[in-house]
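Visitor: I would like to learn how to read the features of a protein model, one at a time. Could you take me through them with the general idea first and the case at hand second?

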Amino acid sequence: MKNLITPANLCLLGILFTSSVFAQATATATASATIVTPISITNASDMNFGNIATDGTVGTVVLAPDNSRAITGGVTLPAATGTVTAAAFTVSGSGSYTYAITLPSSVIIASGTDQMTVDNFTSTPETIGTLSSGSETITIGATLNLVASQAEGSYTSAAPFAVTVNYN
């Protein structure tokens, strides 16, 4: 009987099986991007705590985002309220996007050399807003801290305070 397995037959079998190892497959994908309107914020009105009276002791005036005021300590609110407004900003961007709000930690307001600290900033909406139609107004309140025997005067910040918004 003759041996059917010869070196030539082995080479032929190797070539047949090797060609299937080098098979290839290809897939495709597309690339895309969506450009959204950049988010922006503009000042609509400045913050004003209005007219305040003090009896010479420490106190605070809390201005809420809805323009209401509450007092503590030696502070009273005269009948002539003056201009009372929470700060307001208009946020614009792509509709239906949410955004985060970052408020300042504190700001100093001064009248000559006399100073008061404004802190505990709050906003409506609180920390996240939604641009349901591409634009929304946020209002900002804060706490004004009076020291004992706060001097009479018109107090203003040397530089405007910053409110930052970012898409989520």
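Guide: Let us begin with burial: a residue is called buried under 20% relative accessible area, exposed over 50%, and partly exposed in between, with a 1.4 Å probe and protein chains only. Because its relative accessibility is 10%, Phe 121 counts as buried. Please keep in mind that this is a predicted model, in which local features need pLDDT of at least 70 and side-chain atom pairs count only at pLDDT 80 or more, while totals for chains, interfaces and linings use all residues. Residues are numbered from 1 along each chain as its sequence is written, and side-chain values use heavy atoms, with hydrogens and water left out.

Visitor: How is an aromatic pair described, and how many does the structure hold?

Guide: In general, a pair of aromatic rings is described by the distance of the centres and the angle of the planes. Rings of Phe, Tyr and Trp (its six-membered ring) pair if their centres lie within 6.5 Å, and planes under 30 degrees apart count as stacked, over 60 as edge-to-face and the rest as tilted. A search of the whole structure gives two such pairs. In one of them, the ring centres of Tyr 97 and Tyr 167 are 5.3 Å apart with the planes at 55°, so this pair is tilted. Since Tyr 97 belongs to strand 7 and Tyr 167 to strand 13, the pair ties together parts that are 70 residues apart in sequence. Tyr 97, at 33% relative accessibility, counts as partly exposed, and Tyr 167 counts as partly exposed at 24%. Phe 121 and Phe 161 also form a tilted pair, 5.1 Å centre to centre with 55° between the planes; Phe 121 is in strand 9 (residues 114–124), whereas Phe 161 is in the loop between strand 12 (156–157) and strand 13, 40 residues apart.

Visitor: Which strands form the open sheet, and in what order?

Guide: Two strands pair if DSSP finds at least two bridges between them. The open sheet has three strands in the order 10-7-13, with antiparallel pairing, and its edge strands, each pairing on one side only, are strand 10 (128–131) and strand 13 (164–167). Strand 7 (residues 97–102) pairs with strand 10 over four bridges, and Thr 98 has Thr 130 as its bridge partner in strand 10.

Visitor: Where should I look for a nonpolar core, and which residues have the most contacts inside the largest one?

Guide: In soluble globular proteins, nonpolar side chains tend to be buried together. A nonpolar core is a set of buried Ala, Val, Leu, Ile, Met, Phe, Trp, Tyr and Cys residues joined through side-chain atoms within 4.5 Å. The largest core here has 25 residues, and those with the most contacts inside it are Met 47, Phe 49, Val 118, Ile 138, Ile 140 and Leu 144. Strand 11 (135–146) is one of the elements that give two or more residues to this core, and with five residues strand 11 gives the most. Contact means heavy atoms within 4.5 Å; leaving out residues up to four places away in sequence, Phe 49 touches several residues, including Val 61, Leu 63, Val 118 and Leu 144.
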